[in-house]
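Welcome, and please have your viewer ready. We will go from one selection to the next and look at what is there.

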Amino acid sequence: MNQVTLTINGIRITAPEGEKLLWAALDNGIYIPNLCGLKENTEPLAACRLCFVEIQGRNKPVTACTETVTERMVVDTKGEQCLRLAKSGFELLMASHALDCGHCLKNRNCELQRIAHHLRVSLKPRILRKILRDLPVDDSHPAFIYDPNKCVLCGRCIWVCRNHVKSGVFGFAHRGFQRRVTTFGDEPMGRSDCDGCLECVRVCPTGALVERGAVPRLGRTEPVY
Amino acid sequence: MTRNSFPQPITRQEEVEAKQKTRRVLKGFTKKRANLIPILQAVQRKLGYLPRIAMAEIAIFLDIPSVDVYEVVTFYNQFRLNPPGKHSVRVCLGTACHMKGGYITLDAWERRLKIKRGDTTPDREFDLDTVACVGCCTMAPVTVVDEKPEAKVEPTKVDGLLLAFEREKQQTSEKPQ
Ligand code: FES
Ligand code: FES
């Protein structure tokens, strides 16, 4: 496959032609906050609005997960504008996140913690008032536990459930603040057609989907994506 | 304030009927995903609401996950998950009614009827939902009961309206056959 050369934060990198900027950066060790992107998904959802970067010659920041790399592209992931957008987006997400890192199985392996660290912001919202969703935790499935209060609605689990496993157990339902990832008729996961392949747990960036009986991680580990 | 997630149970017979009717409606459509909303509207026109069985049938017909049908149904206010009650109660939460305490009215209805918005009482007497401005803001807070807008519906008026229904019910049952 043809390679293209581009510059990110002054560093020259090469990436396969047609690759999305987000994956080119991540594969070269340059972190860009992201939640909803999945490399296998060629039609990005671009829902989380955290992966903003600035590209020379463009007057507005763009989402890295939807931007295809081009030859001699010059990218800045640390521009003031794009970081501001990412920080606001993150603040909005955290304003309804049931924060409980001390008891959370994703502690130290959580994409939200990583993003907060990267953006140098706190996990607690600074300006917005915290409004929690207060939805019941679903522990009806033998293989995993689903806590919708920690869900960021990135849609990764829905995508893998359909496109990898071809089962379509998960989906979005309801509207506005009530919107959530759920099953047909909001039934408990244990009663759905789910056979427990745990693909969704693998892609979940937060503590919303965790394997049953998983032990909290103590050391610092690199996220899968 | 969560909307009711899932419909109250329907009888076996209702289920069979709903399934047949849904299938009949589906005959008039092609298996295109774009038809989802028109199908849902047509089925609701027939049944008055969209029971689980109807959604499942539609999903099979269009060959999409049933949760996708559920997504659309729970997104639009026009779709109902519960059978309609004999009387419909629509609490206005438009701007004017909101300012005049529409939420308190809604709360009163929810407490009196012991259901949440979007639900139907177990005896199928009342169904409760909200609307956004019915065009008579001077009467705020408004509740539309069986198509008739009631003015200044404070919690005490909720009690009054319910009492009237009870009376009416008593009288009709007292009447000799
Ligand atoms: S990763 Fe680009 S918008 Fe979520
Ligand atoms: S806001 Fe309730 S009638 Fe207009």
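Start by selecting A:E40, which is partly exposed at a relative accessible area of 31%; here buried means under 20% relative accessible area, exposed over 50%, and partly exposed in between (1.4 Å probe, protein chains only). A word on the model before we move: it is predicted, so local features need pLDDT of at least 70 and side-chain atom pairs count only at pLDDT 80 or more, while totals for chains, interfaces and linings use all residues. Residues are numbered from 1 along each chain as its sequence is written, chains are lettered from A and ligands numbered from 1 in the order in which they are written, and side-chain values use heavy atoms, with hydrogens and water left out.

**Around A:E40**

Next, pick A:K39 and A:D27, whose side chains meet in a salt bridge of 2.7 Å, N to O. A:K39 lies in the loop between α1 (21-27) and β3 (52-55) of chain A and A:D27 in helix α1 of chain A, so the pair ties together parts that are 12 residues apart in sequence. Helices (H or I, at least four residues) and strands (E, at least two) are DSSP runs, numbered from the N terminus.

**The two domains of chain A**

Colour domain 1 (1-132) and domain 2 (134-213) of chain A separately; the bounds come from an automatic or database domain assignment. Their centres, taken over C-alpha atoms, are 23 Å apart. How many residues of each domain are in contact? There are 20 from domain 1 of chain A and 21 from domain 2 of chain A, contact being heavy atoms within 4.5 Å. Between these two domains about 1,700 Å² is buried, with carbon and sulfur atoms giving 63%; buried area is the accessible area (1.4 Å probe) that two parts lose on being put together, summed over both.

**Across to chain B**

Select the interface of chain B and chain A: 16 residues of chain B are in contact with 19 residues of chain A. About 1,500 Å² is buried between the two chains, 58% of it on carbon and sulfur atoms. The rule finds 3 salt bridges across this interface. To see one, zoom in on B:R52 and A:E187, at 2.9 Å, N to O. On the chain B side, α3 (52-62) and α4 (66-75) each supply at least two residues that touch chain A. The largest share, 7 residues, comes from α4(B).

**Inside chain B**

Here the assignment gives domain 1 (12-75) and domain 2 (87-174), with centres 29 Å apart over C-alpha atoms. Select strand β1 (residues 87-92) of chain B, which pairs with β2(B) in the parallel sense over 6 bridges; pairing requires at least two DSSP bridges between the strands. In β2 (residues 126-131) of chain B, 5 of the 6 residues are buried. B:C92 stands opposite B:V131 in β2(B).

For the last stop, select B:R112 and B:D159, whose side chains form a salt bridge of 2.3 Å, N to O. B:R112 sits in helix α6 (residues 102-113) and B:D159 in helix α7 (residues 155-174) of chain B, 47 residues apart.

Methods
Salt bridge = Lys/Arg side-chain N within 4 Å of Asp/Glu carboxyl O.
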